[in-house]
Amino acid sequence: MDKKILSRDGTSLAYESAGRGAAVVLVSGAMSTGATVAPLAAPLSERFRVVVYDRRGRGASGDTAPYAVEREVEDLAALVEAVGGEASLYGVSSGGALALRAAASGLPVRHVAVYETPYATSEEDLRERAEYTERLTAALAEGRRGDAVELFLRLTGLDEAVIESARQSPMWAGMETIAPSLAYDDAVMGDGSVPEELLASIRVPVLAVAGDGSPAWMRQAARAIADAVPRGAYRVLEGQTHMADPDVLAPVLAGFFAG
């Protein structure tokens, strides 16, 4: 990340941009940095000025206690101001929940697109989220970063063999480094349910996308988002999972943002 700005509370945010035209800010999800969404920036930058940034508490960005979701909305406000005062937002997974919250707060946003924002669609899922929040809070409070990462990986559906393999991989140390930010994404997601009242307050067009290779509840969540916002649209991408191919996703986003 070659540029820095300060958020309202003084937190340093690292970002970079590519391309020219209307601004589009890419918002990463849990256990990720701006580098995670950077591959999507390349195809989008052919038509837009695409901004990739490290959310607070990860990558090259700073952090300031205490955390509040409102601080991350202020981070987006600072980024939007830095790139011209207006932008569209794209958020993946829990980053989608942050993008939706930012739009609902009244930021100068033209469009919002989200990919597989993991809102719970059943009572069983809500109970699982509540248990995750409780156990995650305890693990981080006790400094058990590795356990916190394991909790998150289990929540995503990975089995124990895959998690154990991840623990032995060179990437594990980096995952433990940003583990405290798991609490931030958990806060962004609220209790995990679809925030219908918040979504109903969004006045800009919203596109909710999911892949047909993902679990059915991901598509149910995306449809629920599209149904809850006044100007919502729903799209399923054939052959895609939670890790969507940028070359498949980018044309869909470009058409939406240009519209």
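Helix α1 (residues 34–44) lies across β3 (23–27), β4 and β5 (87–92) and runs at about 175 degrees to β4, where contact means heavy atoms within 4.5 Å and where axes are lines fitted to C-alpha atoms, for helices over the stretch in contact, with angles from 0 to 180 degrees between N-to-C directions. The model is predicted, so that local features need pLDDT of at least 70 and side-chain atom pairs count only at pLDDT 80 or more, whereas totals for chains, interfaces and linings use all residues. Residues are numbered from 1 along each chain as its sequence is written, and side-chain values use heavy atoms, with hydrogens and water left out. Helices (H or I, at least four residues) and strands (E, at least two) are DSSP runs numbered from the N terminus.

Helix α3 (residues 94–104) lies across β3, β4, β5, β6 (109–115) and β7 (206–211), and its direction is at about 150 degrees to β5. The strands themselves, eight in number, form an open sheet of mixed pairing in the order β1-β2-β4-β3-β5-β6-β7-β8, two strands being paired if DSSP finds at least two bridges between them. At the edges of this sheet stand β1 and β8 (232–237), each of which pairs on one side only, and the twist from one strand to the next averages 25 degrees. Within the sheet, β2 and β4 run antiparallel and are joined by four bridges, and Glu-16 stands opposite Val-52 in β4.

The count of salt bridges, each defined as a side-chain nitrogen of Lys or Arg within 4 Å of a carboxyl oxygen of Asp or Glu, comes to 15. One of them joins the side chains of Glu-74 and Arg-8, at 3.8 Å from N to O. Because Glu-74 lies in helix α2 (residues 69–82) and Arg-8 in the loop between β1 (3–6) and β2 (12–18), this pair ties together parts that are 66 residues apart in sequence. Glu-74 is buried, with a relative accessible area of 15%, whereas Arg-8 counts as exposed at 73% relative accessibility; buried means under 20% relative accessible area, exposed over 50%, and partly exposed in between, with a 1.4 Å probe and protein chains only.

A salt bridge of 2.9 Å, N to O, is formed by the side chains of Asp-185 and Arg-55. This pair links distant parts of the chain, with Asp-185 in helix α8 (residues 182–188) and Arg-55 in the loop between β4 (49–53) and α2, 130 residues apart. Asp-185 is buried at a relative accessible area of 4%, and Arg-55 is buried at 0%.

The side chains of Arg-167 and Asp-147 also meet in a salt bridge, at 3.5 Å from N to O. Arg-167 belongs to helix α6 (residues 160–167) and Asp-147 to helix α5 (residues 145–155), so the pair ties together parts 20 residues apart in sequence. Arg-167 counts as partly exposed at 26% relative accessibility, and Asp-147 is partly exposed with a relative accessible area of 28%. Both residues belong to a network of salt bridges that links Glu-142, Arg-144, Asp-147, Glu-150, Arg-154, Glu-160 and Arg-167.

The largest share of the lining, six residues, comes from α4.
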